[in-house]
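Please look over the sequence and the structure shown here before reading the briefing that follows.

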Amino acid sequence: MNYTWKENYPQLSAEVAEDRKFDVYMGIDVFGRGSFGGGQSTVNAALDLLKRHNLSAAMFAPGWVYETAQPPNFHTAQNKWWSLVGKSWGIVGYKLGLLLAINWDC
């Protein structure tokens with residue numbers, strides 16, 4: 001589902017999906033453009049709601065941390081942001097460090 005869903009959409013989607021709830025992906029725009037909860041450093045509001053209804057999430061633009069130069073520095077801000085995801089979804093064994101490498105010379 002597009003990232004402009006409203007608060008009641010996850011419950012309605014879960015009811016329709018029945019035993020295939022995890023196959024329902026609800027979009028979240030990390031920049032917060034129309035996303036429930038506002039995205040950015042409150043992305044966990046949407047993730048918590050989706051988890052409550054056993055739905056999956058599709059994260060759009062997780063480069064928000066880098067693209068907006070979040071303080072105090074990229075590494076610290078990146079780890080802080082991904083820790084929100086980890087807390088919401090119960091990721092076990094999350095290790096601080098480089099999570100994504102991009103080669104722009106393709």
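Axes are lines fitted to C-alpha atoms, for helices over the stretch in contact, and angles run from 0 to 180 degrees between N-to-C directions. The model is a predicted one, in which local features need pLDDT of at least 70 and side-chain atom pairs count only at pLDDT 80 or more, while totals for chains, interfaces and linings use all residues. Residues are numbered from 1 along each chain as its sequence is written, and side-chain values use heavy atoms, with hydrogens and water left out.

**Overall layout**
- The chain holds four helices and two strands, where helices (H or I, at least four residues) and strands (E, at least two) are DSSP runs numbered from the N terminus.
- Read from the N terminus on, the elements follow the order α-β-α-β-α-α.

**Two helices in contact**
- Helix α2 (residues 43-52) packs with helix α4 (residues 74-89) at an angle of about 20°, and their axes are 9 Å apart.
- The pair α2 and α4 is therefore roughly parallel, a term for angles under 35 degrees.
- The contact (heavy atoms within 4.5 Å) is made by Val43, Asn44, Leu47, Asp48, Leu50 and Lys51 of α2 together with Trp81, Leu84, Val85, Ser88 and Trp89 of α4.

**Two paired strands**
- Strand β1 (residues 25-29) is mostly covered, since four of its five residues are buried, meaning under 20% relative accessible area with a 1.4 Å probe, protein chains only.
- β1 pairs with strand β2 (residues 56-60) in the parallel sense over five bridges, pairing being counted if DSSP finds at least two bridges between two strands.
- Tyrosine 25 has serine 56 as its bridge partner in β2.

Methods:
Parallel < 35°, antiparallel > 145°, perpendicular 65-115°, else oblique. Buried < 20%, exposed > 50% of the residue type's maximum accessible area, 1.4 Å probe, protein only.
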